[in-house]
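The sequence and the model come first.

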Amino acid sequence: MILKNFLPDRQVKSVLSIRPEELKKHGIKAIITDLDNTLVEWDRPSAPPKLVQWFRDMQEHHIKITIVSNNNEMRVKTFADPLGIPFLFRARKPLGKAFRKALAIMDVKKEETVVIGDQLLTDVLGGNRSGFYTILVVPVAQSDGFATKLNRMIERRIMGWFRKKGYLTWED
């Protein structure tokens, strides 16, 4: 069934609820994460203290992180550089090239990596099609940029179908 490509392996309220100990227990050594509305609001330029601590916790447990965003270089660089986190911009998710590039940057295997994002049509679809374990987070903001608004309309229909079939149990 084609819709299975949009089904995340796991859903959580926030990236902050993803703990490094839990990832390590499952052999995870790396995270490919989206930026806008996954880590912070799409219009917030920098990481709040709780998120900075989350990045530190991951680093202390030797879990590598790369931000993979469809946004422009300035937006992603402004956020990632102060944290010292590698990033890819204009990633063209759900296409697989940026995911493969992120693996190369972190020098890890696909099986050792999770993809985290807030969108079914970019993050989850791209991660699933590339063979990653995918984690969907509730968007941190209720507002979106124009292209994302279109995606959200489609996502709501897919999510509704998943809920009806019992594949998704959590509400945004």
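## Helix 3

In this predicted model, helix 3 covers residues 73-80, and its buried residues are Arg75, Val76, Phe79 and Ala80. Viewed along the axis of helix 3, these buried residues stay within an arc of 110 degrees, so they line one face of the helix. An α-helix has 3.6 residues a turn, so residues three or four places apart point the same way. The cover over the buried residues of helix 3 includes helix 2 (49-60), strand 3 and strand 4.

The N-terminal end of helix 3 is capped by Asn72, which has a side-chain oxygen 3.1 Å from the backbone nitrogen of Met74.

## Helix 4

Helix 4 has the buried residues Ala98, Phe99, Ala102, Leu103 and Met106. Down the axis of helix 4, the buried residues fall within an arc of 145 degrees, so they too line one face of the helix. The elements that cover these residues include strand 2 (30-33), strand 3 (64-68), strand 4 (87-88), strand 5 (113-117) and helix 5.

On the face of helix 4 turned away from the buried side are the exposed residues Lys97, Arg100 and Ala104. Asp107 follows helix 4 and has a positive phi, near 55 degrees.

## Aromatic pairs

How many aromatic pairs are there? The count comes to 4. In one of them, the ring centres of Phe99 and Phe132 lie 5.9 Å apart with the planes at 40 degrees, so the pair is tilted. Planes under 30 degrees apart would count as stacked and planes over 60 as edge-to-face.

Phe99 belongs to helix 4 (residues 97-106), whereas Phe132 sits in the loop between helix 5 (120-129) and strand 6 (133-137), so the pair ties together parts that are 33 residues apart in sequence. Both Phe99 and Phe132 are buried.

## Salt bridges

The model has 8 salt bridges. One of them joins the side chains of Arg10 and Glu22, at 3.0 Å from N to O. Arg10 is part of strand 1 (residues 10-12) and Glu22 of helix 1 (residues 20-25), so this pair ties together parts that are 12 residues apart in sequence. Glu22 counts as partly exposed because its relative accessibility is 27%. Another salt bridge is formed by the side chains of Glu112 and Lys29, at 3.2 Å from N to O. This pair links distant parts of the chain, 83 residues apart: Glu112 is in the loop between helix 4 and strand 5, and Lys29 is in the loop between helix 1 and strand 2. The two partners fall in separate accessibility classes: Glu112 counts as buried at 15% relative accessibility, and Lys29 counts as partly exposed at 42%.

The side chains of Asp123 and Lys93 also meet in a salt bridge, at 2.7 Å from N to O. Asp123 lies in helix 5 and Lys93 in the loop between strand 4 and helix 4, so the pair ties together parts that are 30 residues apart in sequence. Asp123 and Lys93 are both buried. Together with Asp34, these two residues are linked in a network of salt bridges.

The side chain of Asp118 makes a polar contact of 2.9 Å with the side chain of Thr38.

With neighbours within four places in sequence left aside, the residues in contact with Asp118 are Asp34, Asp36, Asn37, Thr38, Asp123, Leu136, Val137, Pro139, Arg152 and Glu155. Two residues on that list, Asp34 and Asp123, also take part in the salt-bridge network with Lys93.

## Lys164 in helix 6

Lys164 is in helix 6, which covers residues 146-165. With a relative accessibility of 72%, Lys164 counts as exposed. Between the C-alpha atoms of Lys164 and Leu150 the distance is 22 Å, and the two residues are 14 apart in sequence.

Key: Residues are numbered from 1 along each chain as its sequence is written. This is a predicted model: local features need pLDDT of at least 70, side-chain atom pairs count only at pLDDT 80 or more; totals for chains, interfaces and linings use all residues. Side-chain values use heavy atoms; hydrogens and water are left out. Helices (H or I, at least four residues) and strands (E, at least two) are DSSP runs, numbered from the N terminus. Buried means under 20% relative accessible area, exposed over 50%, partly exposed in between (1.4 Å probe, protein chains only). Rings of Phe, Tyr and Trp (its six-membered ring) pair if their centres lie within 6.5 Å; planes under 30 degrees apart count as stacked, over 60 as edge-to-face and the rest as tilted. The arc is that of the directions from the helix axis to the C-beta atoms. Contact means heavy atoms within 4.5 Å. A polar contact is a pair of N or O atoms within 3.5 Å; within protein, one must be able to donate a hydrogen and the other to accept it, and residues adjacent in sequence count only if both atoms are side-chain atoms. A salt bridge is a side-chain nitrogen of Lys or Arg within 4 Å of a carboxyl oxygen of Asp or Glu.
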